[in-house]
Protein chains: 2
Amino acid sequence: MSDETAARHNEKMRKIKAARDRMMATKTEEKGLIMVHTGSGKGKSSSGFGMVMRCIAHGMPAAVVQFIKGNWETGERMLLRNRFADEVRFFVSGEGFTWETQDRERDVAAAQNGWKIAREQILDPEIQFVLLDEINIALRYDYLDIDEVVDFLLTKKPEMTHVCLTGRNAKPELIEAADLVTEMSLIKHPFRDGVKAQKGVEF
Amino acid sequence: MSDETAARHNEKMRKIKAARDRMMATKTEEKGLIMVHTGSGKGKSSSGFGMVMRCIAHGMPAAVVQFIKGNWETGERMLLRNRFADEVRFFVSGEGFTWETQDRERDVAAAQNGWKIAREQILDPEIQFVLLDEINIALRYDYLDIDEVVDFLLTKKPEMTHVCLTGRNAKPELIEAADLVTEMSLIKHPFRDGVKAQKGVEF
């Protein structure tokens with residue numbers, strides 16, 4: 001690379017840095033966020049668990065409520081229960097993907113129980129981050145009332161507590177209420193080519 | 001809810017389960033995947049770290065090479081270094097976001113060094129999962145040669161080793177070579193409203 005190219009590059013980077021510094025100087029507020037991870041792609045739950053790990057690193061007490069993946073012995077569940085039981089409270093309310101149970105009454109009861117636990121954890125002043133994993137599935141099938149959930153998050157959640165809600169098909173009311181919404185989209189998936197779910201990757 | 005509604009729901013769920021079981025029965029292959037997390041939304045790195053945590057839980061030795069986030073003391077780095085040094089090899093090649101350095105030669109050298117470490121880790125038969133965090137930034141600015149990286153992944157990567165490459169603006173060549181690609185899209189972000197990056201959430 002010529003000196004001239006390098007100089008041009010460095011000047012461009014200097015401008016980007018200046019613009020970014022100006023932008024970041026306006027970002028001064030701290031507040032507890034309502035975050036939603038939705039879409040049909042990978043990474044909704046795993047990035048939620050990634051944030052739980054960040055909380056552990058920073059000494060921020062966290063809670064996880066799993067709404068649907070009840071009967072899978074996932075890596076994240078094993079790790080949190082076996083290694084981080086002091087740092088993270090871990091609850092499972094669901095009994096598996098809903099199509100595994102084929103019993104709506106039982107699904108509704110499990111979801112309602114999960115939501116009761118979720119409210120308690122969110123209101124607990126000790127807890128700074130709550131992951132409601134796959135709650136969007138329970139909301140989509142109306143196992144939980146969307147208006148009740150949104151109203152609770154907007155009016156009862158302590159100001160500095162972060163709540164992350166995951167699952168595909170997030171309801172519009174939840175997206176409207178959220179501070180930060182990410183859609184994970186599937187561009188390519190190996191299931192199409194006959195590759196099965198693998199440990200470390202999917203669970 | 002009436003008995004009839006419940007019966008209809010249960011029948012619908014039974015059909016979904018049958019279709020899903022048929023679909024999953026065709027998914028029998030196990031192989032090491034080339035995975036890409038891209039897009040401008042959140043969750044690219046944190047879901048990569050979530051998978052590393054799953055690997056720890058399953059006793060799968062993993063390695064992480066961070067290409068760009070060099071000078072941030074992130075939660076994930078603290079956690080992996082302080083608590084999981086036996087399970088996960090952790091390397092940092094970059095010196096911060098590229099606009100922090102304003103020195104292209106130094107950025108190129110750091111990226112090349114990271115790629116050298118990455119190749120060693122991918123080729124190491126001990127290692128089952130390698131996270132190349134923010135490598136897409138290094139590829140985008142041509143600090144690394146995309147053809148060299150893609151060729152290595154397609155021809156040198158051991159068959160059962162998973163590699164996950166993160167960062168926005170993934171190059172088309174990488175997407176073409178990958179088995180699994182997820183795009184994280186920003187639907188809503190609180191930076192717009194003056195909220196700054198917060199621990200546990202962004203780092």
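# Group meeting talk: two chains, pair by pair

Okay, let's start with chain A: going along the sequence, its pattern reads α-β-α-β-α-β-α-α-β-α-α-β-α-β. That comes to eight helices and six strands. Keep in mind that this is a predicted model.

A bit more about chain A before we go into detail. Of its 203 residues, 57% are buried. If you take the contacts in chain A with a separation of 6 or more, 81% of them are between residues 24 or more positions apart. And the chain exposes about 8,600 Å², with carbon and sulfur atoms supplying 47% of that.

Now, how do the two chains relate? Two copies of a chain are related by a rotation about an axis and a shift along it. Here, a rotation of 180° with 0.0 Å of shift along the axis puts chain A on chain B, and the RMSD is 0.0 Å. That's the relation of a two-fold axis. If you want to find the axis on your screen, go to Ser47(A): in chain A, its C-alpha is the nearest to the axis, 1.8 Å from it. The same surface serves both copies, too, as 100% of the contact residues of chain A recur in chain B.

Next, aromatic rings. You describe a pair of aromatic rings by the distance of the centres and the angle of the planes. Over all chains, the count is five aromatic pairs. Take Phe84(A) and Phe84(B): their ring centres are 5.7 Å apart and their planes sit at 70°, so this pair is edge-to-face. Phe84(A) is in the loop between H3 and strand S3 (88-92) of chain A, and Phe84(B) is in the loop between H3 and S3 of chain B, so the pair joins two chains. Are these two residues buried or exposed? Phe84(A) is buried, and Phe84(B) is as well.

Another edge-to-face pair is Trp115(A) with Phe152(A), at 5.4 Å centre to centre and 80° between the planes. This one links distant parts of the chain: Trp115(A) belongs to helix H5 of chain A and Phe152(A) to helix H7 (residues 146-155) of chain A, 37 residues apart. Trp115(A) has 1% relative accessibility, so it counts as buried. Phe152(A) has 9%, so that residue counts as buried too.

On to charges. Side chains of opposite charge can pair when their charged atoms come close. How many salt bridges turn up over all chains? A search of the whole structure finds 14. I'll show you three of them.

One is between Glu87(B) and Arg83(A), with the closest N and O atoms 3.0 Å apart. This pair crosses between chains: Glu87(B) is in the loop between helix H3 (75-83) and strand S3 (88-92) of chain B, while Arg83(A) is in helix H3 (residues 75-83) of chain A. Glu87(B) is partly exposed, at 25% relative accessibility, and Arg83(A) is partly exposed at 38%.

Then there's Glu120(A) with Lys116(A), where the closest N and O atoms are 3.3 Å apart. These two are four residues apart in helix H5 (residues 104-123) of chain A, so about one helical turn separates them. Why does that spacing matter for direction? An α-helix has 3.6 residues a turn, so residues three or four places apart point the same way. Both residues are on the list of partly exposed ones: Glu120(A) with a relative accessible area of 42%, Lys116(A) with 44%.

Arg119(B) is in helix H5 (residues 104-123) of chain B and Glu148(B) is in helix H7 (residues 146-155) of chain B, so to speak a link between distant parts of the chain, 29 residues apart. Arg119(B) is partly exposed at 26%, and Glu148(B) is partly exposed at 37%.

Let's stay on H7(B) to finish. Which of its residues are buried? They are Ile146(B), Val149(B), Val150(B), Phe152(B) and Leu153(B). Look down the axis of H7(B) and these buried residues fall within an arc of 160°, so they line one face of the helix. The face turned away from that buried side carries the exposed residues Asp147(B) and Leu154(B). And what covers the buried residues of H7(B)? The cover includes strand S1 (34-38), H5, helix H6 (135-140), strand S5 (162-166) and helix H8 (172-177) of chain B.

Note on methods:
Residues numbered from 1 in each chain as written. Chains lettered and ligands numbered in written order. Heavy atoms only, no water. Salt bridge = Lys/Arg side-chain N within 4 Å of Asp/Glu carboxyl O. Buried < 20%, exposed > 50% of the residue type's maximum accessible area, 1.4 Å probe, protein only. Least-squares fit on C-alpha atoms with pLDDT ≥ 70 in both. Contact = heavy atoms within 4.5 Å. Arc of directions from axis to C-beta. Areas by Shrake-Rupley, 256 points an atom, 1.4 Å probe, with all protein chains shown as cover. Phe/Tyr/Trp six-rings, centres within 6.5 Å; stacked < 30°, edge-to-face > 60°.
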